[in-house]
Amino acid sequence: MAVDEHRAAAPRSVGCAVLTISDTRDSDTDTSGQAIVDLLQQSGHHVLERRITKDEPADVADTVRSFLSRDNVQAIVTTGGTGIARRDSTYDALGAMFERTLPGFGELFRALSYADIGAAAMLTRATAGIIERRAVFLLPGSEHAVRLAMTKLILPELGHVVRELMR
């Protein structure tokens, strides 16, 4: 089956959970999490849950586990904690939970970022993987980076990714 046929057979609407990982953001200042929610909803997907948690590995992992306990959550998108600062723990906390990784996501994201911000793109540990047949995307905390990843990578393939995971 060709890629276009796979996309045509993919679900048009995916159940999603959104997690912001930040020591400083709250519901009023979480522009990156709100951008994810808005872009998902504008594309016809359902945001079933949205949370903000501190950048503590155990808290991040526990929150993702709670999302995974919901049968209707097919994809999880996180923002924050993917850099190299001492407090950036998302990659470590969730990468350890991945059953499989999608290395192409991080590679493509960094290539797109390089076109925008130059060599600083190497500082992100943005990645994606699979946990319990769910797609999990780890995005930087920058709203610009979130919009780039969502519009260029995640939204064009989200239904296709979920279709493959359901097979």
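This note goes through one loop serine, the nonpolar cores and the salt bridges of a predicted model.

1. Position of S22. S22 sits in the loop that runs between β1 (15-21) and α2 (31-42). Its relative accessible area is 11%, and because buried means under 20%, S22 counts as buried.

2. Surroundings of S22. A polar atom of the S22 side chain lies 3.0 Å from the backbone nitrogen of T24. A polar atom of that side chain is also 2.9 Å from the backbone nitrogen of R25. Leaving out residues up to four places away in sequence, S22 touches T53, K54 and D55.

3. The largest nonpolar core. This core has 29 residues, and L139, M150 and L158 are those with the most contacts inside it. At least two residues each come from β1, α2, β3 (75-79), α5 (103-117), β5 (127-131), β6 (134-139) and α6 (143-166). Helix α6 gives the largest share, 11 residues.

4. L158 and the second core. Apart from neighbours within four places in sequence, L158 is in contact with V14, C16, L40, H45, A75 and F137. There is also a second, separate core of 17 residues, and among them are A17, A61, L94 and I131.

5. Salt bridge E56 to R87. The structure holds 10 salt bridges. In one of these, the side chains of E56 and R87 meet at 3.0 Å, N to O. E56 is in the loop between β2 (46-53) and α3 (57-68), and R87 is in the loop between β3 and α4 (90-95), so the pair ties together parts 31 residues apart in sequence. E56 is partly exposed at 34% relative accessibility, and R87 is partly exposed with a relative accessible area of 30%. Both residues also belong to a network of salt bridges that links D23, E56 and R87.

6. Salt bridge D92 to R125. The side chains of these two residues meet at 3.3 Å, N to O. D92 is in helix α4 and R125 in the loop between α5 and β5; the pair links distant parts of the chain, 33 residues apart. D92 has a relative accessible area of 45% and is partly exposed.

7. Salt bridge R167 to E164. Here the side chains meet at 3.4 Å, N to O. Which of the two is exposed, and which partly exposed? R167 counts as exposed, at 62% relative accessibility, whereas E164 is partly exposed, with a relative accessible area of 32%.

Terms used:
Residues numbered from 1 in each chain as written. Predicted model: local features only at pLDDT ≥ 70, side-chain atom pairs only at ≥ 80, totals over all residues. Heavy atoms only, no water. Helix = DSSP H or I, 4+ residues; strand = E, 2+ residues; numbered from the N terminus. Buried < 20%, exposed > 50% of the residue type's maximum accessible area, 1.4 Å probe, protein only. Polar contact = N/O pair within 3.5 Å; in protein donor to acceptor, adjacent residues only side chain to side chain. Contact = heavy atoms within 4.5 Å. Core = buried A, V, L, I, M, F, W, Y, C linked by side-chain atoms within 4.5 Å. Salt bridge = Lys/Arg side-chain N within 4 Å of Asp/Glu carboxyl O.
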